[in-house]
Number of protein chains: 2
Amino acid sequence: MAKQISELKLGILGGGQLGRMLIQEAINYNLTTLVLDPDPDAPCKHIANKFECGSITDFDTVYNFGKKADIITIEIEKVNIEALEALEKEGKLVFPQSRVIRLIQDKGVQKQFFKENDIPTAPFQLVSSKNDLSNGNFSFPYILKQRKDGYDGKGVMKINNLADVDHAFESPSLIEELIDFDKEIAVIVARNANGDMKTFPMVEMEFNAEANLVEFLISPSTYPEDLQDKADKIALNIASALNITGILAVEMFVTRDGDILVNELAPRPHNSGHQTIEGNYVSQFEQHLRAIFNLPLGDTRSINNAIMINLLGEKGHDGLARYENLEKVMGIDGVYIHLYGKKYTKPFRKMGHVTIVDQNREKAIEKARYVQHTLKVVS
Amino acid sequence: MAKQISELKLGILGGGQLGRMLIQEAINYNLTTLVLDPDPDAPCKHIANKFECGSITDFDTVYNFGKKADIITIEIEKVNIEALEALEKEGKLVFPQSRVIRLIQDKGVQKQFFKENDIPTAPFQLVSSKNDLSNGNFSFPYILKQRKDGYDGKGVMKINNLADVDHAFESPSLIEELIDFDKEIAVIVARNANGDMKTFPMVEMEFNAEANLVEFLISPSTYPEDLQDKADKIALNIASALNITGILAVEMFVTRDGDILVNELAPRPHNSGHQTIEGNYVSQFEQHLRAIFNLPLGDTRSINNAIMINLLGEKGHDGLARYENLEKVMGIDGVYIHLYGKKYTKPFRKMGHVTIVDQNREKAIEKARYVQHTLKVVS
């Protein structure tokens, strides 16, 4: 008799907030969770069945950790791929597959994948070092992205002129045409091993320019239906072309001309899907579990308008975290607090998020603006 | 500066499913949870910050456990009250208060409290042993209830005739007139230390006659509004009269004449509120946290029709639990699985619950009936 989800062990590489929210859903299925993270106080520490402190980029550590699990997943892409390949060869289930993580880890390979599969994306060129830039025939301004290890705005810069080139990355990078976009949007798609796929309704994002983090997200979008359908189809095409098992966040731009261009992918639960916990019938975290355990995918429809705001550490505050005006915002109906179990705050650190739900979209936005200006993470 | 919820330690007496679901909500507030339970494999074991295996009825164990927490709560009434009183005297916050737990622990005292406070309840009489019964002037049939330690149908029997009296309890009990009721209903009310109160919409229950457990619960009720208002007022009156801090479940009967009679109270999250997790804007578990930490109470409105069914161990199955047809029911939209982390099943053991949510009430009921007949806990 095949083992069922309540009898299996899920190994999670990374013990941050994404792992934490995944475990919060896993509890309902009696799933045994093992977590590997280098931070001895990682957000998952106290809620995983077993928490192991160790490197997620070291072959031996990842390999030995993976041996103890039945299924292995990730909450961050920067993991040791060779260890995952070795585990797959021995018959362990790794979802998303090591092949998919390897492709997405490298933004250059990701862009080439878009090109080869007719996925609309901004024109780009690979560069191997900053020397290429000064000799190049690229017209300013453009975007320079490190191919590997960039996250939350790190590893991305705008190059306006030759002087900026001096400060450019030395590592393999890519340059991309600067897109004059109307808004950033995202569609999260899930695919299980049976090949069933489901997308969540498209969402709109606003970024904090200074921190370059998603700061304000609204679901569902109010773009015309045909544009939403287009975004939906792109996400489905990518998931199919990748043959991914698991959840995939597809970040896109809507250009001023109404075109959609894919920005980048994340093969795991993503910041652009946090509002699904309260805003949709199934959350992105539960959907990821359903996908990797090859269970029927859940109902992705929106229940309500939902706004998500990230709770970032205030500038000038470094130390034991306190949540200023927490009580005040908890007095507003439809405000859901999610703190990530991080003891210490620092400027722009993601300390939690808040989802604001209301049947009236304008009211939801109004409440969200209030929460954004009221609730502060200080030390 | 007063400490806030993310800096406090909550001690929970009892580590069963109610504690587990309470912790699932507490995670979002970075609350540190300490749990005491005699079962080394209690459902809370892996998700509490600290799990302690020990007796919840032993003075020293409860007292020493309570010393480590800032606020102490319960998930079961059968705890050592003297230890809680000692902790309160030393300035620890115990919510619900030891005084309230003591009153509710004894169904005889509970009934007297109803009488003194003009709370409608079935006529009753206290009896000190079964001798009282044979000499009594009570007309058959009637209900006999042990004053202490009854739960989930244990400690309750119907006495039809003198022969039944032979099998009656020897311990202090009460007899109650047999109520010819239309339905059992419940209202959950929360009260914080500020005295703010909020009720959840009234729900209707169906019992499994054999196991005497709630088996099927529907929210919200479709009784006329004036009857719902009456039930709501009764719950508020009881919470006020008790001066309780925390959540209180008020179980009631609707008689064939349309009267409401209070059956009994539970000063903690209760089986009749599990559907609030998905069915209402705030869940009973989060509301209990809000109440005991003196935070603003959440929005109790229903989002959707929600049916809750308990997942009881099948008759004839004793051993490692398996969930038959889990995948099948997960394929239905709006079906939410909650397994309680219990490794072993036995007949009628509460192994989990399922909530079924649908905008159409009839559809929700139809789906719930299907789940009830399809999903089985076997060994």
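Q: How much area do chain B and chain A bury between them?
A: About 4,000 Å², 46% of it on carbon and sulfur atoms. Buried area is the accessible area (1.4 Å probe) that two parts lose on being put together, summed over both. In chain B, Tyr281(B), Arg322(B) and Met330(B) lose the most area to chain A, together 17% of what that side buries. This is a predicted model: local features need pLDDT of at least 70, side-chain atom pairs count only at pLDDT 80 or more, and totals for chains, interfaces and linings use all residues. Side-chain values use heavy atoms, without hydrogens and water, residues are numbered from 1 along each chain as its sequence is written, and chains are lettered from A and ligands numbered from 1 in the order in which they are written.

Q: What makes Arg322(A) and Glu7(B) a salt bridge?
A: The term requires a side-chain nitrogen of Lys or Arg within 4 Å of a carboxyl oxygen of Asp or Glu. Here the N to O distance is 3.2 Å, so the pair qualifies.

Q: How do you know that the copies meet through the same surface?
A: Because 98% of the interface residues of chain B are also interface residues in chain A. Contact means heavy atoms within 4.5 Å. The contact takes 45 residues from chain B and 44 residues from chain A.
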